[in-house]
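Here are my notes on the two-chain model you sent over. I hope they are handy when you go through it yourself.

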Amino acid sequence: MGIKILYEKCNLCRICIEKCPFGGIEEKEGKIVINENCRLCGICVKECPQNAILIVEKERKKDISKYKGIWFFAEQKKGKLLSVSFELLNACLKLKEKLGEEVSGVIIGGKNVEEMGRELIKRGAEKVYIVKDDSLEEFQEEPYIDILSQLIERYKPSILLASATMAGRSFIPSVAARIGTGLTADCTGIDIDNESKLLVQIRPTFGGNLMAKIVCRDHRPQMATIRPKIIEEAKIKDNPDGKLIIEEFSSFSVNKRVKIIKREMTKNVVDLQEAEIIVSGGRGLRDGKNFSMIWELAELLGGAVGASRAAVDAGWIGYPHQVGQTGKTVKPKVYIACGISGAIQHLAGMQTSDYIIAINKDPDAPIFKVANLGIVGDLFEIIPVLIKKLKNKV
Amino acid sequence: MTMRIIVCIKQVPETFEVEIDNETKRIKRDSVKGIINPYDMYAIEEGLRLKERFGGETIAISMGPPQAESALREAIAMGVDDAILLTDMKFAGSDTLATSYTLSCAIKKIGNFDIIICGKEAMDGSTGQVGPEIAENLKIPFITYVSQIINIENNQIECKRLLEDHYEILKSPLPVLITVVKEINEPRIPSLKGLLKSKKAEIKKWGAKDIGGDEERFGQDGSPTRVIDIWKHTVKKEGRKLSGSAEEMADEILKELKKQGIL
């Protein structure tokens, strides 16, 4: 256990008990004690006016001085880079301003891989490692884990960022476990600490109600998956100067243990995390067929359709559309909530949207607490007018 | 065939609203009940269904403070045969790497399993990392986001999963680890018999000494990541609230969509 109370300094002011968000400190027989709920977050250490709480860190054992370079994994689909790949590049370029280390991308793919690599170079990547094989065209965990882990061991970057897409969040944890390093999931902010030069990783936790700042001090690379749409894409540079490096691999195999039997595009592509505008429907729609209004509005605005859990549970729309705690976390430019009361579980999935418009009959609906523009009114009257006006304009 | 099924579960708070008591300035936590992480309910249910289909046994394991025992009792009430709580001060401060290592050590001790089922992620941390990391530690294949187990035959499992824009049917040899999503099933309500059984059931408690493994890889020592600061997320302040005719309201929305660059 790495946390200690210095009893000679403690004056039993109990501030630590109050400040601990996890209930990890209690008073027993006139003494402050740490219990099993402690997560070693260090809040009590900072809050204790007596400096009577210490977190003891073990000495660093691994030699991490050889690890240099800021890397990102550039995810592609069908020979095209996802926009989040350009966002990651931009994030890395920003880290470079403070850290001064080289920025490199990694692309694993089948078709068009060199072109994608050159696209990254145009936008500021100094090196792009490409691993190319027809069998790698489609994402599959096992070969991607094998290849990325081996590249890390070969080149020893100090930082590796990947996208918090479904693929990224599925295979990157295994890479981190294989290397034996830390991984922070679904970050919404990253920075370099001016003093320690560590990668500071910020992410929502506790159902989105707390924000946590996380570092990985003694292990390399420092790894994080980054939520799409939290940073702009890297722009094309004036004098790009980067190198394309083709990596040869013999020791990966697709369909090694897990084999793909069938792969089929879904009819209605629901890429809520990539959408700039989301129109969402909830219980207030009263019936599944009324969702047609939501679909029409979303189409006119060039957006995607979301839903509350209530609407999904009622069978009005498929689970891939669900926004919230048991569904997706989204952050579009504009989120339009139609007939959604705003249960905490739903808010957790959308409250970080840039701009929120809510239409609801109940003026006390909790959704209005997070809405920038709250419309108290009947969606069955307002949405058809809105649709008509949008159509007339075109 | 009979199957030995391990389900990993986590106890999480029922609500994540961080409420501060205005008088005492303390975080209100007395009222916060611990529940089984909702995604893990689907994992338990799927484990029970596999047992009903193929025979065998289901074992639930959880790592957490002593009070997490109540989550395992709930799993027994649903029909799980055996439950193990990994609890030890040495496990405190675990990040996902240390957690997955600890669970892997316990799973090795249980041994001889065919399938490990985890929820897609836990509601409190929402990392979704522990499942794939357990699979890596145990060197077994894994399939994430499973929405349907189609079949298990000749030591092979066939699953369906949905990614952002396509679905896949995947086949893997056993033993395998899968993480499941909400679509997979509807968790059952415990029966009266189950509830009675759960009251009397013995929950095994294993500490660091019991599960073997390298103690340096448990808890804080085994965790590369550190939370160095934590603060309350300020939810957006309430904005304008309007009411009026449908015409006026539609115009307000259009005006705002223009301002936001959507139109």
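The points below go from the model itself to the places where its chains meet.

1. A word on conventions. This is a predicted model, in which local features need pLDDT of at least 70 and side-chain atom pairs count only at pLDDT 80 or more, while totals for chains, interfaces and linings use all residues. Residues are numbered from 1 along each chain as its sequence is written, and chains are lettered from A and ligands numbered from 1 in the order in which they are written.

2. Chain B on its own. Chain B holds seven helices and 13 strands (DSSP runs numbered from the N terminus: H or I of at least four residues for helices, E of at least two for strands). Its C-alpha trace spans about 65 × 50 × 45 Å along the principal axes. Of the 263 residues in chain B, 49% are buried (20 or more other C-beta atoms within 10 Å of a residue's own, with C-beta atoms placed from the backbone).

3. The interface. Here 85 residues of chain A are in contact with 82 residues of chain B (C-beta atoms, placed from the backbone, within 7 Å). The largest share of chain A's side, nine residues, comes from α6(A). By class, that side divides into 43 nonpolar, 22 polar and 20 charged residues (nonpolar being Ala, Val, Leu, Ile, Met, Phe, Trp, Tyr, Cys and Pro; charged being Asp, Glu, Lys and Arg; polar being the others, Gly among them).

4. Do have a look at the open sheet of six strands, ordered β19(A)-β18(A)-β20(A)-β21(A)-β22(A)-β13(B), with parallel pairing (strands pair if DSSP finds at least two bridges between them). Its edge strands are β19 (304-307) of chain A and β13 (240-242) of chain B. Within the sheet, β18(A) and β20(A) pair over five bridges, and A:Ser280 has A:Ala337 as its bridge partner.

5. An antiparallel pairing between chains. β17(A) and β9 (residues 166-173) of chain B run antiparallel and are joined by six bridges. In this pair A:Arg263 stands opposite B:Glu168.

6. Helix against helix. α10 (residues 379-393) of chain A packs on α7 (residues 246-259) of chain B at about 55°, with the axes 8 Å apart (axes are lines fitted to C-alpha atoms over the stretch in contact, and angles run from 0 to 180 degrees between N-to-C directions).

How values were computed: A residue is buried if 20 or more other C-beta atoms lie within 10 Å of its own, exposed if 12 or fewer, and partly exposed in between; C-beta atoms are placed from the backbone. Two residues are in contact if their C-beta atoms, placed from the backbone, lie within 7 Å.
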